[in-house]
Amino acid sequence: HMERRLHTRHHAATRVYLSAPGYGFWRCHAQNVSSAGVFLEDGPAELPRGTEVELIFAVSLGRVTRIHRRQAVVAHISSNGTGLKMKGYSSNQNQTRSRRAARSKA
C-alpha cells in the first residue's frame, strides 16, 4: 500500500538529545524524521502527552557536527517509542502556502 502523508518521513539513524524541564534529559535514537515531527524508538515513556520538550539533533557533516535545536510536544507514546510534533508547525499554514504556490504557477 502507498502511504499518503503531507510530509515525507525520512528514515534516520541519528542521535537525538531530549530535554524536558522537570523530567530530565535523555539520549535517544530517531527512527523517522519529518518537518512536522519525529519518532524516537527509545523515547521516554514517562512523559505525558502534551509535555513540551527541547530536541537537540547532532548532525555530522564529515569533520563538522552541526547542532539543531527544535521545540516539540509529546504527541503519542506506544510500546514502540515516543512520537513528537514539532512546535510552531501548522499543517494549515503549509497547505495554504502550497495552494498559493500552485495558483501562482497556473
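By salt bridge I mean a side-chain nitrogen of Lys or Arg within 4 Å of a carboxyl oxygen of Asp or Glu. Glutamate 52 sits in strand E4 and lysine 87 in the loop between E6 and H1, so this pair ties together parts that are 35 residues apart in sequence. Helices (H or I, at least four residues) and strands (E, at least two) are DSSP runs, numbered from the N terminus.

A quick word on what you're looking at. This is a predicted model, where local features need pLDDT of at least 70 and side-chain atom pairs count only at pLDDT 80 or more, while totals for chains, interfaces and linings use all residues. Residues are numbered from 1 along each chain as its sequence is written, and side-chain values use heavy atoms, with hydrogens and water left out.

Buried means under 20% relative accessible area, exposed over 50%, and partly exposed in between, with a 1.4 Å probe and protein chains only.

How many salt bridges does the structure hold? Two. The other one joins arginine 69 and glutamate 54, with the closest N and O atoms 3.4 Å apart. Arginine 69 is in strand E5 and glutamate 54 in strand E4, so here the parts tied together are 15 residues apart in sequence. Glutamate 54 is partly exposed, at 21% relative accessibility.

Now please find alanine 72, in strand E5, residues 64-78. Alanine 72 is buried, because its relative accessibility is 0%. Its contacts (heavy atoms within 4.5 Å), not counting residues up to four places away in sequence, include Glu52 and Lys87, our opening pair. Leu84 is also one of them, and the C-alpha atoms of alanine 72 and leucine 84 are separated by 6.0 Å, though the residues are twelve apart along the chain.

Finally, how far can we trust this? pLDDT is the predictor's confidence in each residue, from 0 to 100. The chain averages 79, and 71% of the residues score at least 70. Confidence is highest in strand E6 (residues 81-86), at a mean of 94, and lowest in helix H1 (residues 91-105), at 50. Over residues 93-99 the pLDDT is below 50, and that stretch has three contacts in the model beyond near neighbours in sequence. Where pLDDT is low, the predicted coordinates should not be read in detail.
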